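Please look at the sequence and the model before reading on. The text below is a walk through selected parts of the fold.

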2 protein chains.
Amino acid sequence: MTTDFASTALLTDQYELTMIDAALNAGTADRDCVFELFARKLPAGRRYGVVAGVGRALEALQRFRFRDSELEFLRERGIVRDETLSWLADYRFTGNIRGYREGELFFPNSPLLEVHAGFAEGVILETLLLSIYNYDSAVASAASRMVSVAQGRPLAEMGSRRTGEHSAVAASRAAYIAGFDATSNLEAGRTWGVPTMGTAAHSFTLLHDTERDAFVAQLETLGVGTTLLVDTYDVGRAIELAIEVAGPGLGGVRLDSGDLPTLVAEVRAHLDALGATSTKITVTNDLDEFAIAGLSSAPVDSYGVGTSVVTGSGAVASGMVYKLVARRDEASGEWVSVAKASTGKVSIGGVKHPVRRRDERGVATAELVGIGDASVGDGDDRELAVDLVTDGVVDERWLGAAGVAAAREHCAAVIAELPLTALRLRAGDPALSTVFVDGD
Amino acid sequence: MTTDFASTALLTDQYELTMIDAALNAGTADRDCVFELFARKLPAGRRYGVVAGVGRALEALQRFRFRDSELEFLRERGIVRDETLSWLADYRFTGNIRGYREGELFFPNSPLLEVHAGFAEGVILETLLLSIYNYDSAVASAASRMVSVAQGRPLAEMGSRRTGEHSAVAASRAAYIAGFDATSNLEAGRTWGVPTMGTAAHSFTLLHDTERDAFVAQLETLGVGTTLLVDTYDVGRAIELAIEVAGPGLGGVRLDSGDLPTLVAEVRAHLDALGATSTKITVTNDLDEFAIAGLSSAPVDSYGVGTSVVTGSGAVASGMVYKLVARRDEASGEWVSVAKASTGKVSIGGVKHPVRRRDERGVATAELVGIGDASVGDGDDRELAVDLVTDGVVDERWLGAAGVAAAREHCAAVIAELPLTALRLRAGDPALSTVFVDGD
């Protein structure tokens, strides 16, 4: 890695550093600890969640470095002592991280990530890991529901304008992992290998003196396979015009407004009457999983989804937390489970071993989590945690476009394990119960 | 500017580039156009919005460059023709941008930004401008309501973990502009000059053998002015312990759980009984504007707000759009107002001149928008648009930490113009009506 990269080290809450400052001074900073990342519950009514952000988190970990410019800021503000600045300057994560694969499903209290390291080395990653997991998983979880109800019709993510400009890239990636087919976001194409798409907006039509001029211009450059936007003025006239200038081989038309179930049927009949029986209809008007479900019997060929997918369809913050769950006792060398006792925020202490319990037909029946030395899992069960970082070294399999492709494949495979009722949109309890088995 | 910066050029929807590709080929790419950025409505029940993201957008514009690495991606994917790649390689925005100052208030259809440029030069900025304005303004708009109900008590933004890692920095900045006092996010401190804060989490207490060890360690390094987190085990015992080890001069205690109105009163009484009458109480448990309002009569000294502010308190996507509203007719040289006619998505064409109508006491009474040549504004009114970019050159006043400080000051000043009823939390119509005055 070159030194010329954007450091992620200050994408961090100040209290991570002040805790390290105090722990270094108290001699407790190196205590062997296990931190766990998990969600206490799913968003109301959701049956399952989809883990996303793993590969991004690992790449962010590789760029988590305090260089002169980061240290200078901390020094100027007097945030930590000079001794702590030296510790930060040398910071490299040297511990182990195990966790759920990207694209895996999760349920309340699924132990998604277990970070095993000295206290200071592990606590410092809290904010960054949570930012990435919380957002990316919110998008993937919403996207997965849309994929289910689309029943095989292609979905494109086009919500970049409805979320922060960098979150937009993460959202494209997460939606793709959950089964979307493409994105409008070019940076997601470049960085993560997501297929990109897009042709024209209303402004292109308005730019030209007539709709005809606009259609001709678009066809001239993008070819007859392009998709024409037909709702700038009158849809019926635009359909006729489109087929007149493109011929019946026109690739597609896009509808971005109106009462879609009715309109789509009219447009299909109109296209067919004009001989354009293979011209596809794509719809993009404020769709979410419920609107997509409402279009299941309409002759839609593909969907473009914006706001709802990049905002987690009403649940944009996954509610994941990162907690110290175990530390090794200095005197005995034994692991001690720890958890705070705050009202209404129960954490389950201890190192965990999660498996997905499956019946003999391969259908998932429970999220089984062994605590400490508990033995869980039999022949039909599936291990959920994999090694992500070993002695500070990131497993390259989970990185880059290859990691994204693997996650997308994994997600499709594990969705197929769920009982069919889990894929219904209707609000319900988590599809699987999380069962803890204590080793004591 | 050095060449060593992160380009923002691919934080863009593909269709912006394919439109340019077609327009260049058709000879329409340079037509003189005006694009407008605006929100058709406010989130349900909101009385006003706060514009944020202006300075970030201008900095992103300065880094909007297609260099070899960006062009290579577009070439490999075959997204645009070679001639268009050359045009992109030379892309520099050379037009004019006028708009609402950062920190200004807005109402339905307020013309927040007017981009005057050739079609291709202007349309290419759509996605990036919207990503920034939509997210940042959602956060600032929610934050402003929290500031109003906090009635002068300090507010800290600490929601970094509940939004994408880069959005977190933008959120800290936007909340600060709207009147928050500090953030936990270190990068927001470095990049935007936002004051940072934070002491310790529950994990710090759990790391140590006893709560006493943890408190002593924190006090030893962070000093007696620090804030101790007192709800890891038993709040009452922790309060006693805290004052025992710190003395009555302890800076503060933090509560992150429980039934806050009751608990805060108990903690205040307890601290006072121990002689710690100046020890502050800060609360941080899932607060939003309604919870803050519910604590107005409780002896809280400051609030820490997380999820709700970084997610726009239920309205995370502001719904702003970027539309072509006027283009100059090639033949006559006259401006032509344009707008699509899609069902339910009305845009108002034409170049606009917005003022805030104020009565003789300086109280805002309407958002008055002249269209085209219409003359609006008199002595008590306030001009809303300022020059942000002139002939491609960004006005440096709006950039960096100085821009943020100016925006924060401006926001406080313009909030003070609103009628008091506009600051109520109760759902209602927009506090001001937007009145269009047509020049024809």
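The paragraphs that follow take up the sheets, some loop residues and a pocket of this predicted model.

Start with the sheets of chain A. Strands of a sheet pair through backbone hydrogen bonds, either parallel or antiparallel. In one open sheet, six strands pair in the parallel sense in the order β7-β6-β11-β10-β9-β8 of chain A. At its edges are β7 (182-183) and β8 (227-229) of chain A, each of which pairs on one side only. Within this sheet, β6(A) and β11(A), residues 302-305, are joined in parallel by three bridges, and Glu157(A) stands opposite Val305(A) of β11(A).

An open sheet of seven strands in chain A is antiparallel, with the order β13-β12-β1-β5-β3-β17-β18. Because β13 (335-337) and β18 (393-394) of chain A each have a single partner strand, one side of each is left without a neighbour in the sheet. For β18(A), the pairing with β17(A), residues 385-390, is antiparallel and consists of two bridges. Val389(A) has Val394(A) in β18(A) as its bridge partner.

Now turn to chain B and its strand β11(B), residues 302-305. In a regular strand the side chains alternate between the two faces of the sheet. Here Ser302(B) and Gly304(B) point one way, Tyr303(B) and Val305(B) point the other way, and all of these residues are buried. Which strands pair with β11(B)? One of them is β6(B), residues 155-157, which is parallel to β11(B) and linked to it by three bridges; Leu155(B) stands opposite Tyr303(B). Another is β10(B), residues 280-283, also parallel to β11(B), with two bridges; Thr282(B) is the bridge partner of Ser302(B). The path from β10(B) to β11(B) includes helix α13(B), residues 289-294, and the three elements make a right-handed β-α-β unit.

The loop between β10 and α13 of chain B contains Asp286(B). Most residues other than glycine have a negative phi, and most peptide bonds are trans. Asp286(B) has a positive phi, near 50 degrees. Its relative accessible area is 65%, so Asp286(B) is exposed. Gln151(A) also has a positive phi, of about 50 degrees, and is not a glycine. Gln151(A) sits in the loop between α6 (126-150) and β6 (155-157) of chain A, and its relative accessibility of 63% is over the 50% cut-off, which means that it counts as exposed.

Asp256(B) belongs to the loop between β9 (252-255) and α12 (260-273) of chain B. The side chain of Asp256(B) makes a polar contact of 2.9 Å with that of Thr284(B).

Rolling a probe the size of a water molecule over the atoms shows where empty space is left. The second largest pocket has a volume of about 1900 Å³. Several elements give two or more residues to its lining: α2 (54-62), α3 (68-77), α7 (165-177) and α8 (186-192) from chain A, and α2 (54-62), α7 (165-177) and α8 (186-192) from chain B. The lining has 48 residues, and those nearest the centre of the pocket are Ala6(A), Arg63(A), His166(A), Ala6(B) and His166(B). By class, 17 of the lining residues are nonpolar, 14 polar and 17 charged.

Key:
Residues numbered from 1 in each chain as written. Chains lettered and ligands numbered in written order. Predicted model: local features only at pLDDT ≥ 70, side-chain atom pairs only at ≥ 80, totals over all residues. Heavy atoms only, no water. 1 Å grid on protein atoms, 1.4 Å probe; cavity = no way out; pocket = protein on both sides within 12 Å on 5 of 7 lines; lining within 4 Å. Points joined across faces, edges and corners; volume = space filled by probe spheres on them. Helix = DSSP H or I, 4+ residues; strand = E, 2+ residues; numbered from the N terminus. Nonpolar A, V, L, I, M, F, W, Y, C, P; charged D, E, K, R; others polar. Buried < 20%, exposed > 50% of the residue type's maximum accessible area, 1.4 Å probe, protein only. Pairing = 2+ DSSP bridges. Right-handed = clockwise from strand over helix to strand, strands pointing away. Polar contact = N/O pair within 3.5 Å; in protein donor to acceptor, adjacent residues only side chain to side chain.
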